[in-house]
Amino acid sequence: MSETGKFDTTNILVVGTGGQGVMTATEILAEAAIALGHDVKKTEVAGMAQRGGVVSSHLRFGPKVLSPQITPGSADVLLGFEAAEAMRWRHMLRPEGLVLMNTGRLVPPIVELGLYDYPNDPVAEMRAAGTHVVAFDASMIAQELGDIRLGNTVMLGAISDHLPFPAEVLERCILKRFASKKAELVELNRRAFAAGRAAAEEAAKAEAAAA
Amino acid sequence: MSAEAAISTPPVAAPSRLLMSGNEAVARAVWEAGVRVAAAYPGTPSTEILECVAAYPAMYTEWSVNEKVSLEVAFGAAMAGSRSFCAMKHVGMNVASDALMTMTLTGVAGGLVIAIADDVGLSSSQNEQDSRYWGRFAHVPLLEPADSQEAHDYTLAAFELSERFEVPVILRLTTRICHVKGLVTVGERHERPVAGFTKDVGRWVMVPSAAGRRLPLMFERERRLRAEAEISDLNVVEPGSDRRVGFVTSGPAYMHVRESFPDAPVFKLGLSFPLPFASLRRFAEQCEQLVVVEEVEPLIETELKAQGFNVTGKDILPLSGELSPQVLKPAIAHLLGEVLAEQAKTAPMPVFPRPPTMCVACPHLGVYYTLSQLRNVTISGDIGCYTLGFGQPWNALDACISMGASMGMALGLDKGRSDAEKDRKIVAVIGDSTFLHMGMQGLLDIVYNRGNVTVLLLDNRAVGMTGGQDNPGSGRDIHGQEAPRVDFANLVRALGVRDERVHVVNAYELPVLLKTLREETKIPEPSVIITSQPCVLIKDYHALKPYTVIEDKCTGCGNCIDVGCPAIHVTRRDRVTKASGREVDLAFVRIESAACTGCGLCLKPCAPDAIVHVDTLAMPIRVVRKTAELTPGA
């Protein structure tokens, strides 16, 4: 719980790269918070995000939200859709906050050209720096379910047990989006949500056991 | 996490409350206000306003060829007595200002609201300008909403103000209004009677004598607007208990001030030009000192200082970027001689930069790969996705300043060349929509003044950078309906480029493109090479069979990487010593076949012909999306 200003506000930062569904995922989280009667603000700077650039989406909710931006060091949860991107935004997290992240990697041309290196082990490096990290391969789960675009539903499943409201509220908001479309899509997203939820739980247990 | 407390007593959301971005909220209010004509040219962060307006019924909406035309269309409708609306990004007003500076003299009949979206923080722009100057320059009132709800409410208020004072009104937005979503209570549309055009040459024909008679009226209007600002509900004083610092602020900066200093007195300016000096003076008397928090130039501050106010502003706050709590809190603490309680911080971790890239199979990839092979050339660039050609791996764009400027800059580079550069080739690169926006006049200038410039007109049938909007080159209107499509080859011929100097080339046929470029840059007269393949993000684009790399055949030469396609990934690097003793770095690759759409641009650079269609290898492949960039465990 961050305490910026008069009001208790929950701060969730969702990060990834253009095309991963970061903004949609944040919008669904916002809808869930609204469904519970919270005031909500959601913001991102995504001018060139469509071109594979960095995307970070801020969600703040509570009784009354003023500034839409999360101040560095005050995010309660950092939801990372891509391994290096989770690392890039770690400083936004409050020291005792939680990183929930996909270990899947998206390597940009600038790294393929040999101009920069991809971090060897983002999860280990963040843990070594004292951050609480729950990590699993959401990309693999989405691919196994048959469509990489399910990745954002998998990630929403992962965060669903780390919110100040029940996981079912979030799940309903996701499935509502597909209600007017094919029944098959509703089922796929239900499975993706459950798989993400289970994977995060398992990863959290493994982390606790290792600690 | 311990956020359970937040569930306690939240207010219940009414059904008329919608989660809307500032852009969506403005569009909704435009519809509610009974607007009949709305026009815009796309530009981040304003683009979605007109896209949303177009989705509402009962209004004429258009993508105009540029911002000046869009404002003229809206003004024409306002002369006819209709409520009208126009939206643009900050730099758009530079283009439209010629029209603005005189319509302030005529005023309007129907309400006219101009939304200008400033890119504070430069998320996707070539500069960071403060559009609040236009209110002062053109003597028109300016409103600054602070969130989505205000974006909606102020749009409605702007139309009222516009009709009451018969003046165009500027609605000043910033990225942090346009792209922030919040809850908005909305209303319904109210149709309004349209007065019709009233012939009045003394008002609508701005020749010097008539314009001269309108000038005093404009200044009188400004005096009345200032009186309005003193009593307007849009300007709000929030008394506070901690009066050591009182804040004068406007727009999204208000939210940051309120969040950072919950107990401070705040004068929130909604109608921020003309300034209500008397009310501000009364406010100042209640505070020990006054700080102006404004994004981004010190406009309010300067005007208050000129009025004798003792205020602080840009001497303690930055002159650019957003004034978020992490900027405000330390600055004010320092002003008060306080030490901020040290907050436990999470240190940043260094990660490679991830600049925007061109898409998989983008037709511009081959153009820049080809340009990167030319020597002794200066490349004058323009605004669009293709500006990215300046970066790695192409390094094939040398200048970019404003929409359409590639043409004029190229002619200037030609005429201003040094003796040592007399054989240097001058190439200009411009996209279809940018060419129609402001580029074609520049080409006419090149032709008329016998310039030696080779123009690459990249026709991808879309305004790509802002999300593939339609334009006169796409053959579709804002609703996606069929519309007359400009013929670029005929257009450039009509501008005077000789028929044999006009070429239409397939952007994926690299040998032809290279040959044509080499030939045309040798000929000392204007030539135009039009590339004609659609943007991969629009429906005109059809994906082909994807490619893959035969692992055993890849020699690690790395030539394919120089195309710059995001679907090509390095699997292994090596360094070998050639017989000559020279050390060579090798990079063995694979193609993300699920992302590849089979453009084939990587085939030609591949020395060992290691790239083949996926079905050649009989491997299972799931084509899951057009531009997926996933590389699990790479």
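## A helix pair in chain B

Helices α15(B) and α16(B) run roughly parallel to each other, a label given to angles under 35 degrees, whereas those over 145 count as roughly antiparallel, 65 to 115 as roughly perpendicular and the rest as oblique. The axes of α15(B), residues 405–415, and α16(B), residues 432–448, come within 7 Å and cross at roughly 25°. The contact is formed by Ser406(B), Met407(B), Gly408(B), Ala410(B) and Leu411(B) on α15(B), and by Gly439(B), Gly442(B), Leu443(B), Asp445(B) and Ile446(B) on α16(B). These contact residues of α15(B) and α16(B) divide into five nonpolar, four polar and one charged; Ala, Val, Leu, Ile, Met, Phe, Trp, Tyr, Cys and Pro count as nonpolar, Asp, Glu, Lys and Arg as charged, and the others, Gly among them, as polar.

The axes are lines fitted to C-alpha atoms, for helices over the stretch in contact, and angles run from 0 to 180 degrees between N-to-C directions. Two residues are in contact if their C-beta atoms, placed from the backbone, lie within 7 Å. Helices (H or I, at least four residues) and strands (E, at least two) are DSSP runs, numbered from the N terminus.

## Basis of the model

This is a predicted model, in which local features need pLDDT of at least 70 and side-chain atom pairs count only at pLDDT 80 or more, while totals for chains, interfaces and linings use all residues. Residues are numbered from 1 along each chain as its sequence is written, with chains lettered from A and ligands numbered from 1 in the order in which they are written.

## Overall architecture of chain B

Chain B contains 18 helices and 23 strands. Its radius of gyration is 28 Å, close to the 26 Å that the globule rule gives for 634 residues, so chain B is as compact as a globular protein of that length. The radius is taken over C-alpha atoms, and the globule rule is 2.2 Å times the number of residues to the power 0.38. Along the principal axes, the C-alpha trace of chain B spans about 85 × 65 × 55 Å.

The domain assignment, which is automatic or from a database, divides chain B into domain 1 (14–231), domain 2 (235–335), domain 3 (363–532) and domain 4 (547–617). The C-alpha centres of domain 1 and domain 4 of chain B are 52 Å apart. Of the 634 residues in chain B, 53% are buried; a residue is buried if 20 or more other C-beta atoms, placed from the backbone, lie within 10 Å of its own, exposed if 12 or fewer, and partly exposed in between. Among contacts in chain B between residues at least 6 apart in sequence, 75% join residues at least 24 apart.

In helix α12 of chain B, residues 299–306, the buried residues are Leu299(B), Ile300(B), Glu301(B) and Leu304(B). The elements of chain B covering these buried residues include α5, β10 (245–250), β12, α11, β13 (289–293) and β14 (311–312). Just after α12(B), Gly308(B) adopts a positive phi of about 90°.

## Loops and backbone geometry

Most residues other than glycine have a negative phi, and most peptide bonds are trans. Leu122(B) has a positive phi of about 50° although it is not a glycine. Leu122(B) lies in the loop between β5 (112–118) and α5 (132–138) of chain B, and it is partly exposed, with 14 other C-beta atoms within 10 Å.

The loop between β15 and α15 of chain B holds both Pro393(B) and Asn395(B). The peptide bond from Gln392(B) to Pro393(B) is cis, with omega near 0°. Asn395(B), a residue other than glycine, has a positive phi near 50° and counts as partly exposed, having 13 C-beta neighbours inside 10 Å. A cis bond with omega near 0° also links Phe273(B) to Pro274(B), and Pro274(B) lies in the loop between β12 (271–273) and α11 (277–285) of chain B.

## Arg192 of chain B

Arg192(B) sits in the loop between β8 (180–185) and α8 (201–204) of chain B and counts as partly exposed, with 17 C-beta neighbours inside 10 Å. Leaving aside neighbours within four places in sequence, Arg192(B) is in contact with Gly34(B) and Arg83(B). The C-alpha atoms of Arg192(B) and Arg36(B) are separated by 9.3 Å, although these residues are 156 apart along the chain.

## Chain A

Chain A has eight helices and six strands, which follow the pattern β-α-β-β-β-α-β-α-α-β-α-α-α-α along the sequence. The radius of gyration of chain A is 16 Å, close to the 17 Å that the globule rule gives for 211 residues, so chain A is as compact as a globular protein of that length. The C-alpha atoms of chain A fill a box of roughly 50 × 45 × 40 Å along the principal axes.

Buried residues account for 62% of the 211 residues in chain A. Among contacts in chain A between residues at least 6 apart in sequence, 63% join residues at least 24 apart.
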